[in-house]
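Please open the structure in your viewer and keep the sequence panel beside it. We will select a few groups of residues in turn and describe what is found at each stop.

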Amino acid sequence: MLKYTQEGFVAPLDIISKDEAQLLREDLENAELELADEPEKLALLKAYPERLLPSFDQLIRNENLITAASAVLGPNLMVWSAGLFIKEKNSSKIVSWHQDLTYWGLDDDAETTCWIAISRAHADSGCMKFVPGSHKNKIVPHKDTYSEDNLLSRGQEISVKVNENDAVTAALDAGQASMHHGLLFHSSGPNTSNDRRIGSAIRYIKPSMKQESGDKPIVSLVSGKDDFGNFKIADAPKGWLSEEDFELCRQDKALKKRILL
Ligand SMILES: O=C(O)CCC(=O)C(=O)O
């Protein structure tokens with residue numbers, strides 16, 4: 001993991017086959033269809049696929065992902081979030097330059113994101129771009145742009161100069177992942193292709209991390225053990241889109257709304 005230490009990311013990592021990624025996509029798209037008339041539940045599905053679909057619960061526990069995340073964080077791993085970043089075909093949606101750990105209210109940087117492509121994510125479909133070595137910065141100033149085309153909730157953006165020429169494009173085929181440090185400068189452009197770009201951003205943390213507010217959001221314990229009790233460990237989903245799991249997600253969303261910066 002020398003490259004990760006020096007540059008703050010690695011890509012691409014082969015995680016699952018294209019066929020397995022296609023099965024996940026079908027499961028997700030069936031769920032989207034099922035919830036087409038229920039926007040509140042659809043939003044929860046996008047924020048919490050691993051809580052609502054057993055197939056995504058299996059994904060966050062995938063051996064290849066655990067091996068990659070363990071190489072930087074050690075054997076004990078929790079998943080703090082696995083939200084979906086979806087750019088519809090021919091969409092102008094982007095993600096502005098940002099550092100993930102700016103907003104999450106976590107007390108340390110023992111976190112890594114494995115972003116797994118459920119469909120192809122190349123430059124034309126708006127894959128991520130990383131500035132190598134930028135994770136060696138502390139958190140730099142960000143501003144809220146509230147730009148409509150931004151997939152981030154408030155259009156958060158780094159307000160110091162980011163040199164685009166230094167950026168590296170992380171193209172991924174379906175089933176591949178990138179892994180990036182929580183302080184790395186990263187962004188992504190529009191999807192000019194004729195297919196949806198779907199990715200799950202799986203945030204692995206060490207159990208020693210905690211929310212600065214002292215609150216305990218729900219997490220999945222996916223490897224090893226928790227000796228700290230800083231988070232509420234949730235069970236695997238009760239079923240496919242179960243009401244009980246929706247309720248758990250609702251409660252967690254309300255908590256995070258209060259504690260995220
Ligand atoms: O999906 C994207 O384009 C951006 C995702 C991202 O910023 C992240 O996973 O931290």
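**Stop one: around the ligand**

Select the ligand and the 13 residues around it, of which D100, H186, S188, R197 and R203 come nearest; a residue belongs here if one of its heavy atoms lies within 4 Å of the ligand. This is a predicted model, in which local features need pLDDT of at least 70 and side-chain atom pairs count only at pLDDT 80 or more, while totals for chains, interfaces and linings use all residues. Residues are numbered from 1 along each chain as its sequence is written, and side-chain values use heavy atoms, with hydrogens and water left out.

Next, show the side chain of D100, where an N or O atom is 3.0 Å from an oxygen atom of the ligand. Then turn to W115, whose side chain has an N or O atom 3.0 Å from a ligand oxygen, and to H180, where the corresponding distance is 3.4 Å. Taken alone the ligand exposes 300 Å², and the protein buries 100% of that (accessible areas come from the Shrake-Rupley method with a 1.4 Å probe).

**Stop two: the strand β12**

Now colour β12 (197–205), which gives three residues, the largest share of the shell around the ligand. Strands here are DSSP runs of E with at least two residues, numbered from the N terminus.

How values were computed:
A polar contact is a pair of N or O atoms within 3.5 Å; within protein, one must be able to donate a hydrogen and the other to accept it, and residues adjacent in sequence count only if both atoms are side-chain atoms. Helices (H or I, at least four residues) and strands (E, at least two) are DSSP runs, numbered from the N terminus.
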